[in-house]
Amino acid sequence: LTGETFGTLLQRLRCQRAAKALRETDDPVGTVIRNVGYQNESFFRKKFQQIYNMTPLQYRKKMGG
């Protein structure tokens, strides 16, 4: 229905959950990454940057988390 593969949809949803956690908690970025289901932090950071056009830390600073 969305025109996305399951993997792409899952990555987008995990990045959305991580973005929310970065805005609303003070948890370290590594903890947020693990909590949304990623074990490979560099892979997650790459996907997050593709979606939000900034690193998780930049996102947190910009969005006031």
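User: Which residues have the most contacts inside the largest nonpolar core?

Analyst: In this predicted model, the largest nonpolar core has 14 residues, and those with the most contacts inside it are Ala18, Leu22, Phe44, Phe48 and Tyr59. A nonpolar core is a set of buried Ala, Val, Leu, Ile, Met, Phe, Trp, Tyr and Cys residues joined through side-chain atoms within 4.5 Å. Buried means under 20% relative accessible area, exposed over 50%, and partly exposed in between, with a 1.4 Å probe and protein chains only.

User: Which elements give two or more residues to this core?

Analyst: They are helix H1 (6-24), helix H2 (29-35) and helix H3 (41-52). H1 gives the most, with 5 residues. Helices (H or I, at least four residues) and strands (E, at least two) are DSSP runs, numbered from the N terminus.

User: What is Phe44 in contact with, leaving aside neighbours within four places in sequence?

Analyst: Phe44 is in contact with Cys15, Ala18, Ile33, Val36, Tyr38 and Pro56. Contact means heavy atoms within 4.5 Å.

User: And Ile33, is that buried or exposed?

Analyst: Ile33 counts as buried because its relative accessibility is 0%. Ile33 is found in helix H2, and, not counting residues up to four places away in sequence, Ile33 touches Tyr38, Glu41, Phe44 and Arg45.

User: How many residues apart in sequence are Ile33 and Pro56?

Analyst: They are 23 residues apart in sequence, and their C-alpha atoms are 9.3 Å apart in space.

User: Changing topic: how many helices and strands does the protein have?

Analyst: The protein has 4 helices and 0 strands. The radius of gyration is 11 Å, close to the 11 Å that the globule rule gives for 65 residues, so the protein is as compact as a globular protein of that length. That radius is taken over C-alpha atoms, and the globule rule is 2.2 Å times the number of residues to the power 0.38.

User: What share of the residues counts as buried?

Analyst: Of the 65 residues, 28% count as buried. Residues 24 or more positions apart account for 55% of the contacts with a separation of 6 or more.

User: How should I read the numbering and the cut-offs?

Analyst: Residues are numbered from 1 along each chain as its sequence is written, and side-chain values use heavy atoms, with hydrogens and water left out. Local features need pLDDT of at least 70, side-chain atom pairs count only at pLDDT 80 or more, and totals for chains, interfaces and linings use all residues.
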